[in-house]
Amino acid sequence: MNKHMKLNRLFSDEELIQMIRGKTMQSQAINQLYEQHYGMLEQMILQNSGSHDDAADMIQESMLVLVQMIIKDKFRGESSIKSILYSIAKNKWITEIRKKSSSQIRNEKFHTDAEQSTPDITEAIAKQEDLNYIIKLFDQLGETCRKILLLFYFEDYSMAEICKRLEFSSEQVLRNKKYKCLKSLNESVKASPTIQSTLQKILRNED
């Protein structure tokens, strides 16, 4: 995970933000974030009862949270990307620790510091948990449906952008397909009112 190619030069935080918002250069931006910050984030998790595998998972999920914060304009540059990434990873790892028995928690200061997360970070982490949950449902619908729903609901692509990206013949054809995907999705959770309610909350921005 942390063996990404070396970059010719380092982009500034502002450049990284613009690259991620522009979507076309997200991979280059994320490569730099891994190159610069993986070691720091991994060390933090290793020093607080985590393994290398734990670190890899937490760092990947933290990167996704950061990307979503930037795309949704929740990251405004008041703090550095480094400090925001650290806060995200730390709070995600604390949440993971809390799922284990209290006897496994060794660093009480680290645990207590969780309360210092900002509302934006807390909200972004919660949304990423929703994303992880809903992706599992999307995966059951097939590759095309998964791509359509992820692009529309979680990456904020317009129907025109999705039509071009996925090479549909027209936006109407795409809308028909999206409708069928959503219908199948709702059918799959109809037996569970709780899951259905969660799904409707996540997909509340239906156009």
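A disulfide, for today, is a pair of cysteine sulfur atoms within 2.5 Å. Keep in mind that this is a predicted model.

The partners are Cys145 and Cys181, with an S to S distance of 2.0 Å. Now the handedness. The torsion about the S-S bond of Cys145 and Cys181 is about -80°, so this disulfide is left-handed.

Where do the two cysteines sit in the chain? Cys145 lies in helix α7, residues 143–153, and Cys181 lies in helix α9, residues 171–188. They are 36 residues apart, so to speak of the pair is to speak of a link between distant parts of the chain.

Buried or exposed? Cys145 and Cys181 are both buried. Another cysteine, Cys163, has a relative accessible area of 10%. The cut-off for buried is under 20%, so Cys163 is buried too.

Next, a helix pair. Two packed helices are described by the angle between their axes and the distance between the axes. Here the pair is α1, residues 13–22, and α2, residues 26–46. Their packing angle is about 140°, and the axes are 7 Å apart. That angle makes α1 oblique to α2. The crossing of the two helices, α1 and α2, is left-handed.

Which residues make the contact? From α1, we have Leu16, Met19 and Ile20. From α2, we have Gln26, Gln28, Ala29, Gln32 and Leu33. Sort the contact of α1 with α2 by class, and you get five nonpolar residues, three polar ones and no charged ones.

Note on methods
Residues are numbered from 1 along each chain as its sequence is written. This is a predicted model: local features need pLDDT of at least 70, side-chain atom pairs count only at pLDDT 80 or more; totals for chains, interfaces and linings use all residues. Side-chain values use heavy atoms; hydrogens and water are left out. Helices (H or I, at least four residues) and strands (E, at least two) are DSSP runs, numbered from the N terminus. Buried means under 20% relative accessible area, exposed over 50%, partly exposed in between (1.4 Å probe, protein chains only). Axes are lines fitted to C-alpha atoms, for helices over the stretch in contact, and angles run from 0 to 180 degrees between N-to-C directions. Angles under 35 degrees count as roughly parallel, over 145 as roughly antiparallel, 65 to 115 as roughly perpendicular and the rest as oblique. A crossing is left-handed if the near helix is turned anticlockwise from the far one by less than a right angle, and right-handed if clockwise. Contact means heavy atoms within 4.5 Å. Ala, Val, Leu, Ile, Met, Phe, Trp, Tyr, Cys and Pro count as nonpolar, Asp, Glu, Lys and Arg as charged, and the others, Gly among them, as polar.
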